[in-house]
Amino acid sequence: MNYFNQATIDTFLPCKTPKAWIDKALKSIDILLLDHAHCEKKAASAAISFMYRKSTEYPELLLRMSKIAREELVHFEQVLGILKKRNIEYRLLSESRYVKELKKHVRTSEEGRLVDTLIIGAFIEARSCERFGAIAPFLDEELQKFYLGLLASEQRHFTIYLKFAQQFATEGIEHHIKRFATLEKHLIESPDIEFRFHSGV
């Protein structure tokens with residue numbers, strides 16, 4: 001299967017967001033917005049880190065990740081604006097287990113580390129898009145409009161990460177996508193000790 005040509009977020013993700021997460025999110029809007037801000041900042045940082053990898057051999061990667069970093073920072077600023085408008089003080093939150101657990105399964109070879117990190121990026125963007133869409137119908141008008149407005153960029157970022165994962169791999173990436181999909185499903189559906197944007201139940 002050519003994942004770049006055929007994958008959609010619905011077919012790529014191994015499960016949908018559980019209703020229990022949506023119910024908790026609606027009771028924890030402050031934390032949802034705070035962690036969303038942190039996620040956008042981390043996404044920009046991740047894109048910038050890719051700009052230092054393979055940038056001479058693959059100038060397209062340099063350009064694409066620069067654009068993603070700028071988009072993520074714009075989103076970060078937009079969430080900061082919403083926090084300020086709602087009198088929610090920006091503060092640090094403990095990191096969720098989602099990315100930490102996914103990164104534990106990254107291969108150690110140079111190619112494996114690069115490809116796996118790109119696959120993880122695709123999962124993060126795909127899950128973010130899916131969650132924006134899942135919770136938007138239950139939010140107030142301002143947040144609903146904002147979250148639905150993010151869907152196109154998250155879909156585009158997912159496609160870009162997946163494209164580069166396939167481009168940099170010397171063999172098929174289907175096995176590695178399935179490997180991370182199994183873990184991602186567990187992280188989304190199993191109980192979590194803290195509510196975060198990418199947390200489990």
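Predicted model: local features only at pLDDT ≥ 70, side-chain atom pairs only at ≥ 80, totals over all residues.
### Exercise 1: The overall picture

Find out how many helices and strands the protein has, and describe its extent and its burial.

*Solution.* Start with the elements: there are ten helices and zero strands. Next, take the extent: the C-alpha trace spans about 50 × 30 × 30 Å along the principal axes. Then turn to burial, where 48% of the 201 residues are buried. Finally, look at contacts between residues at least 6 apart in sequence: 81% of them join residues at least 24 apart.

### Exercise 2: Two helices side by side

Work out how H4 and H5 are oriented to each other, parallel or antiparallel, and which residues meet between them.

*Solution.* First locate the pair: H4 covers residues 29-50 and H5 covers residues 59-85. Their axes lie 8 Å apart, and the packing angle is about 160°. Angles over 145 degrees count as roughly antiparallel, so H4 and H5 are roughly antiparallel to each other. The handedness of their crossing is left-handed.

Now look at the contact itself. On the H4 side, the residues include Leu33, Leu34, Ala37, Glu40 and Phe50. Among their counterparts in H5 are Leu61, Met65, Ile68, His75 and Phe76. Sorted by kind, the residues of this contact are 17 nonpolar, two polar and three charged.

### Exercise 3: A histidine in H5

Decide whether His75 is buried or exposed, and list what it touches.

*Solution.* Begin with its place: His75 lies in helix H5. Its relative accessibility is 7%. The cut-off for buried is under 20%, so His75 counts as buried. Leaving aside residues up to four places away in sequence, His75 touches Glu40, Phe146, Leu150, Ser153 and Glu154. One of these, Glu40, belongs to the H4 side of the contact from Exercise 2.

### Exercise 4: A phenylalanine in H10

Where is Phe180, and which residues does it touch?

*Solution.* Phe180 sits in helix H10, which covers residues 174-189. With a relative accessible area of 0%, Phe180 is buried. Beyond residues up to four places away in sequence, Phe180 touches Leu102, His105, Val106, Asp116, Ile119, Ile120 and Phe123. Take Val106 as an example: Phe180 and Val106 are 74 residues apart along the chain, and their C-alpha atoms are separated by 9.2 Å.

Conventions: Residues numbered from 1 in each chain as written. Heavy atoms only, no water. Axes fitted to C-alpha atoms, helices over the stretch in contact; angles between N-to-C directions. Helix = DSSP H or I, 4+ residues; strand = E, 2+ residues; numbered from the N terminus. Parallel < 35°, antiparallel > 145°, perpendicular 65-115°, else oblique. Left-handed = near helix turned anticlockwise from the far one by under 90°. Contact = heavy atoms within 4.5 Å. Nonpolar A, V, L, I, M, F, W, Y, C, P; charged D, E, K, R; others polar. Buried < 20%, exposed > 50% of the residue type's maximum accessible area, 1.4 Å probe, protein only.
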